[in-house]
Amino acid sequence: MEKDKWIEEVLNSTNGMLKVAPPDTLRDAIHVKISDRAGVPIRVILAAAVSLAILGFINFSIVRHLDVPVKSNPLQEVAFGRTNQLY
Amino acid sequence: METNRQSFNRVFFEYRILVYNLALHYVTNAEDAEEVTQDVFVKMHQSLHKFAEQSSIKTWIYRITVNCCLDFIKHKNSKKRFFIFGRKHDDEKQYAQLPDFEHPGIILENKETAKVLFAAISELTENQKTAFILSKVEGLGNQEISQVMELSISSVESLLFRAKKTLQDKLAVKFDEYSRKK
């Protein structure tokens, strides 16, 4: 049958396939990619993360020690009663 | 003792043709195959020292290449979907200009039929596609395929059977379409 013959022909179309060599520039391109990825060493990233954490900790401890009570504004107390009604 | 760079260079020269050709079978054009090959060797460079030799290096390289190809296709398809629904981008023109089928390994007289075959292969599920390409196109045995795909031999046999059946069905539909056009 013509249909089966055609299907078989299509399925076998990879027979005799040739092995192709990649372009000569491939190795250089790979080395460029490798050196790009190795750009920032892990030690630098870790040092930056630790510095940020120390900075955050210093900020937090200073704010906690300077815990000044908020002064109430007497004008506000006059203007608003307990019910927050303006009139 | 061999340094990391030396062992990487040795692996590169020994397997570059294997990786590039396998990538060609998946992505079916030289430009994309080169990009995938670069990704495969970059990944290999990052993890060559971790290679535990539990499997052969060839199996390991096959596995990395298959995974890189499948990831590349997924990424490319999601980009295509973005171009359909999303805003227009300069890359869209580049994508439109890329040939979909330009497999330099196919002999001239089989070019048209191979184009039809690879279009049908691209519609298979990931596992069926991998099993079919490794078996029919790369010529690996079922045991080697089972090691690459980390499946049992019976699962590979089943995948191959279903892949072939699906391809036959898809090609039958294609044949009917061609006949109607004539």
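**Chain A and its interface with chain B**

Me: What does the secondary structure of chain A come to?
Reply: Chain A has four helices and zero strands, where helices (H or I, at least four residues) and strands (E, at least two) are DSSP runs numbered from the N terminus. This is a predicted model, in which local features need pLDDT of at least 70, side-chain atom pairs count only at pLDDT 80 or more, and totals for chains, interfaces and linings use all residues. Residues are numbered from 1 along each chain as its sequence is written, and side-chain values use heavy atoms, with hydrogens and water left out.

Me: How many residues of chain A are in contact with chain B?
Reply: 28 residues of chain A are in contact with 44 residues of chain B, contact meaning heavy atoms within 4.5 Å.

Me: And which helix gives the most to that side of chain A?
Reply: α1 (2-11) and α2 (26-37) of chain A each supply at least two residues of the side touching chain B. The most comes from α2(A), with eight residues.

Me: What area is buried there?
Reply: About 3,200 Å² is buried between chain A and chain B, 70% of it from carbon and sulfur atoms; buried area is the accessible area (1.4 Å probe) that two parts lose on being put together, summed over both. Trp6(A), Leu11(A) and Val20(A) supply 19% of what chain A buries against chain B, more than any other three residues.

Me: How many salt bridges does the rule find across the interface?
Reply: Three, each a side-chain nitrogen of Lys or Arg within 4 Å of a carboxyl oxygen of Asp or Glu. One salt bridge joins Lys19(A) and Glu138(B), with the closest N and O atoms 3.4 Å apart.

Conventions
Chains are lettered from A and ligands numbered from 1 in the order in which they are written.
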